[in-house]
Amino acid sequence: MSSMHVLAPRIRWFVDQMKSKLRMNQQKADARGLSRGRLFEMLEGEVEELRAEIEQGTVDPECVIAECADVANFAMMLADREKQRMDLWRRMVGGADHGKQ
C-alpha cells in the first residue's frame with residue numbers, strides 16, 4: 001500500500017477542517033490583497049494561538065484541530081499569493097523569451 005493511499009483519507013479529513021474554518025471566518029477567506037509580510041504576521045498569530053492551546057493543556061482536541069486548520073489556511077493563503085507572483089513572473093519571462101525567438 002502506497003503512502004499516498006494511506007494519507008489520502010487524512011488529507012481529505014484535514015481539508016474538510018480547513019474548509020470549515022474558512023466558512024466560519026469568511027472575512028479572512030480571501031486575503032489576496034494583503035502583502036506577504038501581513039499574511040506571514042497573521043500566520044504567526046495563528047501559530048501562537050495553536051501554541052497557547054497546546055501549552056495550556058487544552059483537553060478538547062477540537063480546539064487544537066481548529067487552530068491547526070487556521071495555521072494551514074494562512075499558510076495556504078500565503079502560498080496562493082506566491083503562486084500568483086510566480087505565474088505573473090513566468091508570463092513575463094515567457095513573454096520576453098517568446099519575443100527573442
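What percentage of the 101 residues in the chain is buried? Buried residues make up 19%, where buried means under 20% relative accessible area with a 1.4 Å probe, protein chains only. This is a predicted model, with local features needing pLDDT of at least 70, side-chain atom pairs counting only at pLDDT 80 or more, and totals for chains, interfaces and linings using all residues. Residues are numbered from 1 along each chain as its sequence is written, and side-chain values use heavy atoms, leaving out hydrogens and water.

The chain has four helices and zero strands; these are DSSP runs, H or I of at least four residues for helices and E of at least two for strands, numbered from the N terminus.

Now to α1, residues 3-24. Its end C-alpha atoms are 32 Å apart, which agrees with the 32 Å that its 22 residues should span at 1.5 Å a residue, taking 1.5 Å times one less than the number of residues.

E67 is in helix α4, residues 61-100, and E53 lies in helix α3, residues 36-55. E67 is buried without a salt bridge, that is, a side-chain nitrogen of Lys or Arg within 4 Å of a carboxyl oxygen of Asp or Glu. For E67, the nearest side chain of opposite charge is K21, 5.3 Å away. E53 is also buried with no salt bridge, and K21 is again the nearest of opposite charge, at 9.1 Å. Leaving aside neighbours within four places in sequence, E53 is in contact with T58, C63, V64 and E67, contact being heavy atoms within 4.5 Å.

How values were computed
Buried means under 20% relative accessible area, exposed over 50%, partly exposed in between (1.4 Å probe, protein chains only). Lys and Arg count as positive and Asp and Glu as negative; His and the chain ends are not counted.
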